[in-house]
Amino acid sequence: MKLTLSYALFVLIVGVAVFALGFLLLRFVPEGNLYADSGAFAPRRTDLVEVFVRYATWTLLGLAVVGLGGGWIVAGVMLRPLRRITDAARAARDGAFDQRVALPGRRDELTDLADTFDGMLARVTETLDEQRRFAANASHELRTPHATMRTMLEVARSDPAGADVPRLLQRLDDTNERAIRLTEALLALARASRGGAIERRPVDVDAVVTQLIAELAEELTGESAVETPIGASALVAPGVRILRDRVVTVAVTAGDEILIRQAVGNLLRNAMLYNVPDGWVRVSVHVDGRHVIVDILNTGPLLDAATVATLPEPFVRAAARQRGRGDGTGLGLAIVASIVRAHAGRLELWPRGGGGLHARLRLPRT
């Protein structure tokens, strides 16, 4: 209705302007009856003004009718795409996120709006699906250790005399520790997903990697990493060596150092956890144009590209990569992916030729 009235008003304004110009031109017609040289009669100004006003009034009324009718039709045609967008938005409000506008026609502002809205609905649908899967998986993963502890306690309660108390306490402690690690991983994943909340400061990625290797070596073996002229080689787990390819470069990015340490640390722990006896982990840091790149390669069983593509999803574990020692939460790579996205970077994964995984952490260079 607003567009219709606007169109009609515009037509009337143009008509009034045209007739006002004609009325002004009538001022140049002399007053009084005029006769041509041939004796023919010419009307005077008053007669012309009277006729002009009468026909101008009828014409303006006709323009108002045409303006209202034509404006209603034009407004309906112009607003039809908006009605489709409104219907899709109303369906999304009611929970039906599968409906799309799919506006046909040439590229213009309305088709751009419709395509943007469709893209937003697709992104929202994808996010909701991920959240549903995450909630279901998280509930299952959190319920498992508690159900295990309840079962162990019920078994011990049913036969108190035959219960091996030290072994029971150790198993309860291990299961409880697993539940704590899983809860902490969930909290870390939630914090990492808030990409806009991180405080960005210069971070020396090469120094972070070097420090993490030393800490992991001391944590898992009680011995410090040994520096050699061609790099650092440390026995960080039974049967697994970590090899450091040293490249003299300035690898500085902007971000939260704690989150970056957690991302690199998760990649290193995964590389050691999912390995083979007498295997190795190779780490290198270098600069490629505008990016700081951390490459972590490890030996292991053969992996296919389809399996590797699912590894960053929460609670996804490659069964072929399990070594049988330790129990991961299935959130390590999901946390890494969230941290990298928060830093405007990218996590890239490939199956390594001969078995194992090649993980690349790509962060913006400052």
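Is I73 exposed or buried? I looked it up: I73 counts as exposed because its relative accessibility is 57%. My cut-offs are under 20% relative accessible area for buried, over 50% for exposed, and partly exposed in between, using a 1.4 Å probe and protein chains only.

Before going on, I noted that this is a predicted model, where local features need pLDDT of at least 70, side-chain atom pairs count only at pLDDT 80 or more, and totals for chains, interfaces and linings use all residues. Residues are numbered from 1 along each chain as its sequence is written, and side-chain values use heavy atoms, with hydrogens and water left out.

**Entry: the whole chain**

I got eight helices and 11 strands. Helices (H or I, at least four residues) and strands (E, at least two) are DSSP runs, numbered from the N terminus. Of the chain's 366 residues, 34% count as buried. The chain exposes about 21,700 Å², and 60% of that is supplied by carbon and sulfur atoms. These areas come from the Shrake-Rupley method with a 1.4 Å probe; for residues, only the protein chains shown count as cover. I also checked contacts (heavy atoms within 4.5 Å). Among those with a separation of 6 or more, 65% are between residues 24 or more positions apart.

**Entry: back to I73**

I73 has its place in helix 2. Together with M1, L5, L68, W72 and V77, I73 forms a nonpolar patch on the surface, with about 640 Å² of accessible area together. Helix 2 (residues 45-93) gives the largest share of the patch, four residues. Patch rule for my notes: residues need over 30% relative accessible area and no salt bridge; like charges are joined within 9 Å, and nonpolar side chains (Val, Leu, Ile, Met, Phe, Trp, Tyr) within 5 Å.

**Entry: strand 11**

Why is strand 11 largely enclosed by the rest of the structure? Seven of the eight residues of strand 11 (residues 357-364) are buried, so that is the reason. Next I looked for its partners, where two strands pair if DSSP finds at least two bridges between them. Strand 9 (residues 291-298) pairs with strand 11 in the antiparallel sense over eight bridges, and H291 has P364 as its bridge partner in strand 11. Strand 10 (residues 346-351) is also antiparallel to strand 11, over six bridges; here W350 has H358 as its bridge partner. The hairpin of strand 10 and strand 11 has five residues between the strands, and G354 takes a positive phi near 90° in this hairpin.

**Entry: salt bridges**

How many salt bridges are there? I count nine, with the rule being a side-chain nitrogen of Lys or Arg within 4 Å of a carboxyl oxygen of Asp or Glu.

R362 and E348 form one, with their closest N and O atoms 3.2 Å apart. R362 lies in strand 11 and E348 in strand 10, so this pair ties together parts that are 14 residues apart in sequence. Both R362 and E348 are buried. Salt bridges with shared partners join D288, R346, E348 and R362 into one network.

D206 and R244 meet in another, at 2.8 Å, N to O. This pair links distant parts of the chain, 38 residues apart: D206 in helix 5 (residues 205-221) and R244 in strand 6 (residues 240-245). D206 and R244 are both buried.

R90 and D87 pair up too, at 3.3 Å, N to O. They are three residues apart in helix 2, so about one helical turn separates them. R90 counts as partly exposed at 38%, and D87 is partly exposed at 40%.
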